[in-house]
Amino acid sequence: MGEGETSSGIRENLLSCRKCSRLVGFRESCALRVPPRFREEVARHGFWARPVPAFGDPNAFLAIVGLAPAAFGANRTGRMFTGDRSGDFLYAALHRFGLASQGESRHREDGLALFGVFITAALRCAPPKNRPLPAELAACRPFLQADLASLSRLRVILALGGIAHEAVLAAWPGGCPRPKPKFGHGREHLLAGGVVLVDSYHVSQQNTFTGRLTAAAFDTILARCLQLAGEESHHGASRR
């Protein structure tokens with residue numbers, strides 16, 4: 001249960017997408033100015049610099065939706081939340097719950113597999129200063145819609161941050177609930193079809209280094225997601 005995409009056609013459309021000229025220019029320029037700390041890994045594994053596909057278990061009960069690839073994280077490695085501090089935090093937490101085969105994600109060939117979890121994002125290209133434009137989010141929405149629609153066993157969506165929360169509401173096939181749910185850490189929102197949207201602060205370095213989001217607090221969110229999904233908690237043990 002490793003990498004899963006919605007379909008080969010959608011993946012091809014994603015990987016060849018050049019709709020947003022600002023994003024295309026930025027993602028490709030990053031490959032030309034690799035920081036020294038990444039040069040050895042780039043020499044070994046290359047620099048992705050393309051839209052980043054979703055990653056995880058196609059039979060997932062939990063979808064995690066992030067903001068966008070980091071310039072020298074997923075934009076470099078080609079896998080969601082891979083090669084940066086946000087990924088270090090996220091995959092360590094998933095591993096604690098037995099939802100990931102290992103507690104770190106370094107590159108696409110490192111053997112990482114997810115169990116019951118599928119990771120996608122509101123935007124598939126790294127935006128300058130990590131700030132996507134509304135038109136860019138709208139252009140990328142069909143890929144998020146396709147990802148969510150592909151998960152026939154989906155029961156819970158975990159939105160990391162306000163932009164991901166808004167993206168899920170805009171992409172959900174049953175439409176946005178009324179009144180429109182507001183983002184709030186730990187809040188839960190029932191979507192059409194019985195799927196529950198859970199909000200969390202993003203696992204960004206800005207949040208985790210300042211203590212706004214601690215490992216213990218995120219564990220509480222993950223435990224609640226498992227409870228809502230009707231899945232037994234395997235904190236500290238493998239689900240394989």
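A helix here is a DSSP run of H or I with at least four residues, numbered from the N terminus. Keep in mind that you're looking at a predicted model.

**Stop 1: the largest pocket.** Start by selecting α4 (74-77), α5 (85-96), α7 (162-171) and α8 (205-210): each gives at least two residues to the lining of the largest pocket. The volume of this pocket is about 980 Å³. To find its centre, pick A70, S86, N130, S204 and Q205, the closest to that point among the 40 lining residues. Now colour the lining by class, and you'll get 18 nonpolar, 12 polar and 10 charged residues.

**Stop 2: the second largest pocket.** Zoom in on L137, R141, E166, A167 and A170, which sit closest to the centre out of 15 lining residues. What does the lining look like by class, nonpolar, polar or charged? You'll count 12 nonpolar residues and three charged ones, with no polar residues.

**Stop 3: where α5 meets α9.** The crossing is right-handed. For the side of α5, select F89, L90, A93, L94 and R96; their partners in α9 are A215, F218, D219 and L222. Colour this contact by class too: seven residues are nonpolar, two are charged and none is polar.

Notes: Residues are numbered from 1 along each chain as its sequence is written. This is a predicted model: local features need pLDDT of at least 70, side-chain atom pairs count only at pLDDT 80 or more; totals for chains, interfaces and linings use all residues. Side-chain values use heavy atoms; hydrogens and water are left out. On a 1 Å grid over the protein atoms alone, a cavity is a set of points where a 1.4 Å probe fits but cannot get out, and a pocket is an open set with protein on both sides within 12 Å along at least five of seven lines; lining residues have an atom within 4 Å of a point. Grid points are joined across faces, edges and corners, and a volume is the space filled by probe spheres set on the points. Ala, Val, Leu, Ile, Met, Phe, Trp, Tyr, Cys and Pro count as nonpolar, Asp, Glu, Lys and Arg as charged, and the others, Gly among them, as polar. A crossing is left-handed if the near helix is turned anticlockwise from the far one by less than a right angle, and right-handed if clockwise. Contact means heavy atoms within 4.5 Å.
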